[in-house]
Amino acid sequence: MLLDDIGPEGQQAIGQARVLIVGLGALGCGVADWLARAGVGHLRIADRDIVEHTNLQRQVLYCHADAQDSRPKAIAAARRLTEVNPDIEVDPHVTDVTAATVESLAAGCDLIIDGLDNLDTRYLINDLCVREGLPWIYGGAVGTGGLVMPLLGPHCGGRIRWDTPTGCLRCVFPDPPPPGTLPTCDTAGVLGPAVGAVTSHQAALAMSILVGRTGDALDRTMHAIDPWSGESRRMALPGPRDACPCCSGGTFDWLEGGRGDHATVLCGRGAVQVHPPTPGTIDLALLADRLQSHGQIQHDEHVLRCTLPDDISLTVFADGRALISTDDTAVARTLYDRYIG
Ligand SMILES: [Zn+2]
């Protein structure tokens, strides 16, 4: 409240805000921690996964016992956030964020924070935010750096308003790249403090939106930051593009068109087949290189087989499809995003 830009009114606005955080990995943890401490009145948090020991290097809401007991991330995070600030409401959801669940998760929220580990679900969030007129804050971190941008679409309404909209995610990146082309945290690693830099930035943007900053005071740029090399760049975000199928064309391929809805249980097979979010071919030799330190690998130009820890077998085809030895589609999607990306 002592900050001129926030003051008692800003603090009151933060206290009345309802924010949804999708994904409670490294990014979601960091942003949730800041927003709980800032006094955001209602935090809805969603994640499909459980805490594992390898998460502790960067996922700041969890402790050793959470991993030991395989606690769901949403539950462990809610417990910690309530300890940090018992005066706010924390509403945890242990669920896969899909076209079927995202609408009810976002109902009544003023802002969505991206704490996701895959691009597919980010396009789903983008569809929902454009359709429902909600702002969201993109975040991503891998290796020693990350990317942050506020996406304040032209249709945003409700309690929060701004004068100059940005384009949507599809105005910036019209389509996600083919699977297997980008490094993931689990194949390339991620520096803990790089995550911290990204989440601090996301949280500051969130607070700035929630207190109603507008005009030049509201940062509407994309930031690429790398605290390891010390390099950072900012790029102006485009406004809404006429050719955008989503915010100009009004088509919501992920939310309504079944795009990204790609995991099916193969009955009697003990496996789930995951289709790539975007059709295309995958370079299996490249993938084999990236997965080398994670398990035993055999591959030719058509198929790659990898045995992961816990005896989970991953079979990847050149068309991007994968068979994963589990009968749980959420687990299969998690493993696909983690190892294939
Ligand atoms: Zn757009």
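This is a predicted model: local features need pLDDT of at least 70, side-chain atom pairs count only at pLDDT 80 or more; totals for chains, interfaces and linings use all residues.

Visitor: What makes C168, C171, C244 and C247 donors of the zinc ion?

Guide: Donors are N, O and S atoms within 2.8 Å of the metal (3.2 Å for Na, K and Ca); water is not among the atoms, so sites may look incomplete. The SG atoms of these four residues lie 2.2 to 2.3 Å from the zinc ion, and therefore count as donors.

Visitor: Why is the arrangement called tetrahedral?

Guide: Four donors count as tetrahedral if all angles lie between 85 and 135 degrees. Here the donor atoms subtend angles of 94 to 125°, so the term applies. The ideal angle for four tetrahedral donors is 109.5 degrees.

Visitor: Which parts of the chain does the pair C168 and C247 tie together?

Guide: C168 lies in the loop between β6 (145-151) and α7 (169-172), and C247 in the loop between β8 (231-236) and β9 (263-266), so the pair joins parts that are 79 residues apart in sequence. Helices (H or I, at least four residues) and strands (E, at least two) are DSSP runs, numbered from the N terminus.

Visitor: Why is T315 called buried?

Guide: Buried means under 20% relative accessible area (1.4 Å probe, protein chains only). T315 has 14%, and is therefore buried. This residue is found in strand β13. With contact meaning heavy atoms within 4.5 Å, T315 touches V303, L304, R305, R321, A322 and L323, leaving out residues up to four places away in sequence.

Visitor: How do you know that the buried residues of α10 line one face of the helix?

Guide: The buried residues of α10 (residues 284-291) are L284, L287, A288, R290 and L291. Seen down the helix axis, they fall within an arc of 165°, so they line one face; the arc is that of the directions from the axis to the C-beta atoms. Among the elements covering them are β12 (303-308) and α11 (329-339).

Visitor: What makes a set of residues a nonpolar core?

Guide: Such a core is a set of buried Ala, Val, Leu, Ile, Met, Phe, Trp, Tyr and Cys residues joined through side-chain atoms within 4.5 Å. The largest has 42 residues, and V19, L35, L43 and I113 have the most contacts inside it. Apart from it lies another core, of 35 residues, including L105 and V172.

Conventions
Residues are numbered from 1 along each chain as its sequence is written. Side-chain values use heavy atoms; hydrogens and water are left out. Four donors count as tetrahedral if all angles lie between 85 and 135 degrees; four count as square planar and six as octahedral if opposite donors are over 155 degrees apart and all others between 65 and 115; anything else is irregular. Buried means under 20% relative accessible area, exposed over 50%, partly exposed in between (1.4 Å probe, protein chains only).
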